[in-house]
Amino acid sequence: MGDTGGTAVSSCRFVHVAPGATPMPRPRLALYAFVVCVLSVVAAVVSFVEGTWGLGIVWVLLAGLSSNMCWYYYKRTKAERGHSATR
């Protein structure tokens, strides 16, 4: 619609970093995903014990998704720290 000056916008993320400083990785995302994973496993166990199998399966699926997110963000943060250390 509008003219972008010939440059492509690659991301909608806005990062405010002081000039000359490098942005810090966010390990909190991995921690939040881990907390969601643990809570969903607890909820799944409670659901299965109470006999609501359908809801328990949903909680297990959420636990699997959040564990994958935790693993991804942990590895991404670890790789960013290793990459920034070599600069």
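Author: W71 and Y74 both sit in helix α2, which covers residues 53–85. They are three residues apart, about one turn of the helix. Keep in mind that the model is predicted.

How many aromatic pairs are there? The count comes to three. One of them joins W71 and Y74. Their ring centres are 6.3 Å apart, and the planes make an angle of 35 degrees. That pair is tilted, because edge-to-face needs planes over 60 degrees apart and stacked needs them under 30. W71 is exposed, because its relative accessible area of 54% is over the 50% cut-off. Y74 has 43% relative accessibility and counts as partly exposed.

Another pair is formed by Y72 and Y73. This one is edge-to-face. The centres are 5.2 Å apart, with 65 degrees between the planes. Y72 counts as partly exposed, at 47% relative accessibility.

Now the charged side chains. Side chains of opposite charge can pair when their charged atoms come close. The structure holds one salt bridge. Which side chains make it? Those of E80 and R76, with 3.7 Å from N to O. That distance passes, because the cut-off is 4 Å. E80 and R76 both lie in helix α2. They are four residues apart, again about one turn of the helix. Is either end buried or exposed? E80 is partly exposed at 35% relative accessibility. R76 is partly exposed too, with a relative accessible area of 28%.

Next, the cysteines. A search of the whole structure finds zero disulfides. C37 is in none, and the nearest cysteine sulfur, that of C70, is 7.0 Å away. For C70, in turn, the nearest cysteine sulfur is that of C37, and C70 is in no disulfide either. The 7.0 Å between the sulfurs of C37 and C70 rules out a disulfide, because the pair would have to lie within 2.5 Å. C37 is buried, with a relative accessible area of 15%. C70 is buried as well, at 16%.

Turn to helix α1, residues 28–50. S47 is found there. It is buried, with a relative accessible area of 5%. What does S47 touch beyond its neighbours within four places in sequence? The contacts are T52, L55, G56 and W59.

V42 also lies in helix α1. At 47% relative accessibility, V42 counts as partly exposed.

Last, the whole protein. The secondary structure comes to two helices and zero strands. Of the 87 residues, 16% count as buried. The accessible surface comes to about 7300 Å². Carbon and sulfur atoms account for 68% of that surface. Take the contacts between residues at least 6 apart in sequence: 56% of them join residues at least 24 apart.

Conventions
Residues are numbered from 1 along each chain as its sequence is written. This is a predicted model: local features need pLDDT of at least 70, side-chain atom pairs count only at pLDDT 80 or more; totals for chains, interfaces and linings use all residues. Side-chain values use heavy atoms; hydrogens and water are left out. Buried means under 20% relative accessible area, exposed over 50%, partly exposed in between (1.4 Å probe, protein chains only). Contact means heavy atoms within 4.5 Å. Rings of Phe, Tyr and Trp (its six-membered ring) pair if their centres lie within 6.5 Å; planes under 30 degrees apart count as stacked, over 60 as edge-to-face and the rest as tilted. A salt bridge is a side-chain nitrogen of Lys or Arg within 4 Å of a carboxyl oxygen of Asp or Glu. Accessible areas come from the Shrake-Rupley method with a 1.4 Å probe; for residues, only the protein chains shown count as cover.
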